[in-house]
Amino acid sequence: MTVYDALEKRHVMPRAWDDWADYRREWSEWIIRYCKWDTSILIVGAGACNDYDLEHFTKFFREIYLYDMDEASMQEAVKRVPAARRDKIRLFTGDFLGITPQAYQEFCREIQAEVNHRGKLTDVTELAQTALPMVEKMYADAGKYRETLTLPQADYVAVSGVHSQINHMLPWIWQAYMQALGQREELIFQRASQENSRIMREMNDKLLAAVGRRLFVSAEKSRAGVSGGVEGAWQALEDLKKRPDRENLTLLDNRNFAWGYDLRQNMIYEMEGLVLDTDPERK
């Protein structure tokens with residue numbers, strides 16, 4: 001098992017449905033407030049829809065499209081909906097980044113092989129120089145993949161807590177090695193942050209291209225008790241807030257939500273929500 005495999009297991013949030021109840025209610029109600037009945041909505045990064053009241057959505061929307069790389073999680077979301085309304089829901093699988101599990105695993109094996117030579121005496125500056133060419137290749141390959149990525153079209157598109165998760169695995173792996181070695185090397189963290197600006201801009205382009213009427217975005221503005229912005233989320237919010245000045249968009253509303261991500265570990269995020277109207281001339 002590689003470091004990637006161990007970290008991937010931590011994505012499972014068995015208490016998410018309960019922990020996210022307040023956020024799910026407020027976020028879902030806010031979306032419906034700005035939507036018209038009997039229309040379509042695309043939920044990007046849907047997963048198990050722990051942050052969406054999918055059962056209520058099936059009463060309001062004519063069609064619901066769920067998009068995620070994990071089809072099994074989306075199937076779990078569908079099971080919460082009464083059988084009579086499940087035919088309103090369609091599932092689409094896809095990855096917004098484009099780095100495969102096999103690429104992460106190979107990266108971990110290469111880094112682990114270097115660490116095995118000297119253990120905690122490993123020179124992390126040299127280790128970063130070994131890692132960087134692999135990181136560059138993964139990002140280059142992923143960029144080519146994203147050029148071909150298209151999303152289903154819908155009247156409305158919603159995305160919650162996803163921007164921060166797209167490019168989090170490489171820095172997460174690197175952090176695990178830094179902790180194990182008891183050292184710190186910033187190069188890979190800095191490279192991931194730099195790439196986030198590109199990835200989030202491209203992701204927002206894809207989201208807006210899929211929207212017929214309005215885009216709903218909720219991203220982490222901050223984490224309670226932790227200074228600084230959340231990688232991926234702050235770049236995405238910054239990019240979206242600039243767009244109404246240069247594109248045919250209107251920032252219709254914005255507000256903050258409290259997201260109790262993991263209440264047992266006191267992981268609470270302040271989420272910033274945006275409603276972007278893609279056709280300001282529409283009445």
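This is a predicted model: local features need pLDDT of at least 70, side-chain atom pairs count only at pLDDT 80 or more; totals for chains, interfaces and linings use all residues.

Guide: Searching the whole structure turns up 21 aromatic pairs (Phe, Tyr or six-membered Trp rings with centres within 6.5 Å; planes under 30 degrees apart are stacked, over 60 edge-to-face, the rest tilted). One of them joins Phe57 and Phe61: the ring centres are 5.2 Å apart and the planes stand at 75°, so this pair is edge-to-face. Phe57 is buried, at 0% relative accessibility (buried is under 20% relative accessible area, exposed over 50%, partly exposed in between, with a 1.4 Å probe and protein chains only). Phe61 is buried as well, with a relative accessible area of 0%.

Residues are numbered from 1 along each chain as its sequence is written, and side-chain values use heavy atoms, without hydrogens and water.

Staying with rings, look at Trp17. The charged end of Arg24 sits over its ring, 3.5 Å from the centre, and the charged end of Arg80 sits over the ring of Trp17 too, 3.9 Å from its centre (for this, NZ of Lys or CZ of Arg must be within 6 Å of the ring centre and within 35 degrees of the ring normal).

Tyr104, Gln105, Phe107, Cys108, Ile111 and Val115 are buried in H6. Viewed down the helix axis, the buried residues of H6 fall within an arc of 155°, so they line one face (the arc is taken from the directions from the axis to the C-beta atoms). They pack against helix H1 (3-8), H7 and helix H9 (169-181); contact means heavy atoms within 4.5 Å. Turned away from that buried side, the other face of H6 carries the exposed Gln102, Asn116 and His117. Just after H6 comes Gly119, with a positive phi of about 60°.

Most residues other than glycine have a negative phi. Cys49 has a positive phi of about 55° and lies between strand E1 (40-44) and helix H4 (54-60). Asn266, with a positive phi near 55°, is in the loop between strand E6 (250-262) and strand E7 (267-277). Cys49 is buried, with a relative accessible area of 1%, whereas Asn266 is exposed, at 53%.

Beyond its neighbours within four places in sequence, its contacts include Tyr23, Trp27, Val159, Phe257 and Met271.

Finally, helix H10 (residues 187-210) reaches 35 Å from first C-alpha to last, close to the expected 34 Å. H10 has a kink of about 25° centred on Asn196 (the angle between axes fitted to the seven residues ending there and the seven starting there).

Notes
Helices (H or I, at least four residues) and strands (E, at least two) are DSSP runs, numbered from the N terminus. The expected span of a helix is 1.5 Å times one less than its number of residues.
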